[in-house]
Amino acid sequence: MIEHIKNGSQLLAVIVPADYTTTDVEFVTDPANSQQLGVLFHKGGDTIASHVHRPHERIIYDTQETLIIRKGKVRVNFYSDQQDFLQSRVLASGDIVLLISGGHGFEMIEDTLMVEIKQGPYIGDKDKVRF
């Protein structure tokens, strides 16, 4: 089951567990979200038409990150915008988390290999407030 982590009505994250499956194309984010996450199923022999994306100016005010846990186990801690701890989840190999808002931190439970995808350009220390 896809899990939506919230602080009241504020969506903090979306977790797609490794064992989640579907027989459809499901985008689990709002179309207005600055990073889109979908789980897509296609039958053998199906095609997706070749395409390019048209240039379109987008104004993005936040940084959203998608982490794919390739190997290992990690605890993700979720925080409010005011840096108050809210809750945590343990993710393991194959799990995916889209970090949308609020704060977050990580504790490696095992040796962990993750893939991170986020918007750029990255502006170094000006990009984060560490707490």
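**View 1. Ring pairs link Tyr79, Phe85 and Phe131 into a cluster.** This is a predicted model, in which local features need pLDDT of at least 70, side-chain atom pairs count only at pLDDT 80 or more, and totals for chains, interfaces and linings use all residues. Residues are numbered from 1 along each chain as its sequence is written, and side-chain values use heavy atoms, with hydrogens and water left out. Rings of Phe, Tyr and Trp (its six-membered ring) pair if their centres lie within 6.5 Å; planes under 30 degrees apart are stacked, over 60 edge-to-face, and the rest tilted. The count by this rule is two aromatic pairs. Tyr79 and Phe85 make an edge-to-face one, at 5.7 Å centre to centre with 75° between the planes.

**View 2. Tyr79 also pairs with Phe131.** Here the ring centres are 5.1 Å apart and the planes sit at 85°, so this pair is edge-to-face. Tyr79 belongs to strand β6 (residues 73-79) and Phe131 to the segment after β10, so the pair ties together parts 52 residues apart in sequence. Helices (H or I, at least four residues) and strands (E, at least two) are DSSP runs, numbered from the N terminus. As for accessibility, buried means under 20% relative accessible area, exposed over 50%, and partly exposed in between (1.4 Å probe, protein chains only). Tyr79 is buried at 17%, Phe85 is partly exposed at 48%, and Phe131 is exposed at 53%.

**View 3. The largest pocket has a volume of about 770 Å³.** Of its 27 lining residues, Gly102, Gly103, His104, Lys128 and Val129 are the closest to the centre. Strands β5 (65-71), β9 (103-108) and β10 (113-118) are the elements that each give two or more residues to the lining. On a 1 Å grid over the protein atoms alone, a pocket is an open set of points where a 1.4 Å probe fits, with protein on both sides within 12 Å along at least five of seven lines; lining residues have an atom within 4 Å of a point. By class, the lining has nine nonpolar, nine polar and nine charged residues.

**View 4. The second largest pocket has a volume of about 190 Å³.** Its lining consists of Ala32, Asn33, Ser34, His53, Arg54, Arg58, Ile59 and Ile60.

**View 5. Pro55 is found in the loop between β4 (38-40) and β5.** Pro55 is exposed, with a relative accessible area of 83%. The C-alpha atoms of Pro55 and Thr66 are 23 Å apart, for eleven residues along the chain.

Note on methods
Points joined across faces, edges and corners; volume = space filled by probe spheres on them. Nonpolar A, V, L, I, M, F, W, Y, C, P; charged D, E, K, R; others polar.
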